[in-house]
Amino acid sequence: MIGDFAGRLSHQINRGTEVILAALMVALVLDVWIGVVDRYFFHWQLPWPEVLARYLMIWAAMLAVSSGIARREHIGLTAVLMILPAPLRRGMLILIDLMTFALFFYVLWFGIGFAESGAKRQAMILGATLQPFYMAIPAAAALACVQVVLVMIRDAGGQLDLNDTDSKEGAGA
């Protein structure tokens, strides 16, 4: 019951994140396109497309981490885990989720100071502080922490267990 709620909440947060990611990617493509048109056709010598593209890409890449967590599409080496008995495997997977949470909480904790340091720095080309761009680190880490907790509750260490249809198909073959 709580696992179902965590799964639905994770899915909704991920959908919102993916909408933001799509918008960032559209902005990135348009920005790069403007830079190419400027460089090769109009020679406006715009100073901002390259810099803006860099920060849009950082935001998109950082936010995409939580989407990978929500879908459990991140890299995982499961060869050793799959030979463990199910209860031990579940315990190990929960431990891995807890260590993942600790990592992202660490990044969040120190990312806040990093973002605050961006308030004192100016992006000369854009004429703004770097804080909104540096905020990608703690914002993405906070989102990753939330998603790790939600998928840990949703899966309860059972994400590598074969479902009934897989085991029946394997038995009949």
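Predicted model: local features only at pLDDT ≥ 70, side-chain atom pairs only at ≥ 80, totals over all residues.
Residues are numbered from 1 along each chain as its sequence is written, and side-chain values use heavy atoms, with hydrogens and water left out.

### The chain as a whole

Let us step back to the overall fold. The chain has seven helices and two strands, where helices (H or I, at least four residues) and strands (E, at least two) are DSSP runs numbered from the N terminus. Read from the N terminus, the order of elements is α-α-α-α-β-β-α-α-α. With a radius of gyration of 21 Å, well over the 16 Å that the globule rule gives for 173 residues, the chain is more spread out than a compact globule. Here the radius of gyration is taken over C-alpha atoms, and the globule rule is 2.2 Å times the number of residues to the power 0.38. Along the principal axes, the C-alpha atoms fill a box of roughly 65 × 40 × 30 Å.

Of the 173 residues, 31% are buried; buried means under 20% relative accessible area, exposed over 50%, and partly exposed in between (1.4 Å probe, protein chains only).

### Ser 10 and Gln 147

Now back to the opening pair. Ser 10 belongs to helix 1 (residues 2-42), and Gln 147 to helix 6 (residues 136-155). Are these two residues buried or exposed? Ser 10 is buried, at a relative accessible area of 1%, and Gln 147 is buried too, at 0%. Not counting residues up to four places away in sequence, Ser 10 touches Ala 70, Gln 147, Leu 150, Val 151 and Arg 154. With the neighbours within four places left aside, Gln 147 is in contact with Ser 10, Ile 13, Asn 14, Ser 66, Ile 69 and Ala 70.

### Asp 97 and Arg 72

Another polar contact, of 2.9 Å, joins the side chains of Asp 97 and Arg 72. Asp 97 sits in helix 4 (residues 86-118) and is buried, with a relative accessible area of 5%. Beyond four places in sequence, Asp 97 touches Arg 72, Val 148, Met 152 and Gln 159. Arg 72 lies in the loop between helix 2 (49-71) and helix 3 (79-82), and has a positive phi of about 55° although it is not a glycine. Most residues other than glycine have a negative phi. Ala 156, in the loop between helix 6 and helix 7 (164-172), also has a positive phi, of about 50°, without being a glycine; Ala 156 is partly exposed, at 37% relative accessible area.

### Distances along and across the chain

The table sets out some C-alpha to C-alpha distances.

| Pair | Separation in sequence | C-alpha distance |
|---|---|---|
| Asp 97 and Lys 120 | 23 residues | 35 Å |
| Lys 120 and Leu 130 | ten residues | 7.8 Å |
| Val 149 and Asp 97 | 52 residues | 7.8 Å |
| Gly 68 and Ala 144 | 76 residues | 9.2 Å |

A few of these residues deserve a word on their setting. Lys 120 is in the loop between helix 4 and strand 1 (122-123), and counts as exposed at 74% relative accessibility. Val 149 is part of helix 6 and is partly exposed, at 31%. Gly 68, in helix 2, counts as buried at 17%. Setting aside neighbours within four places in sequence, Gly 68 is in contact with Glu 73 and His 74.

Notes: Contact = heavy atoms within 4.5 Å. Polar contact = N/O pair within 3.5 Å; in protein donor to acceptor, adjacent residues only side chain to side chain.
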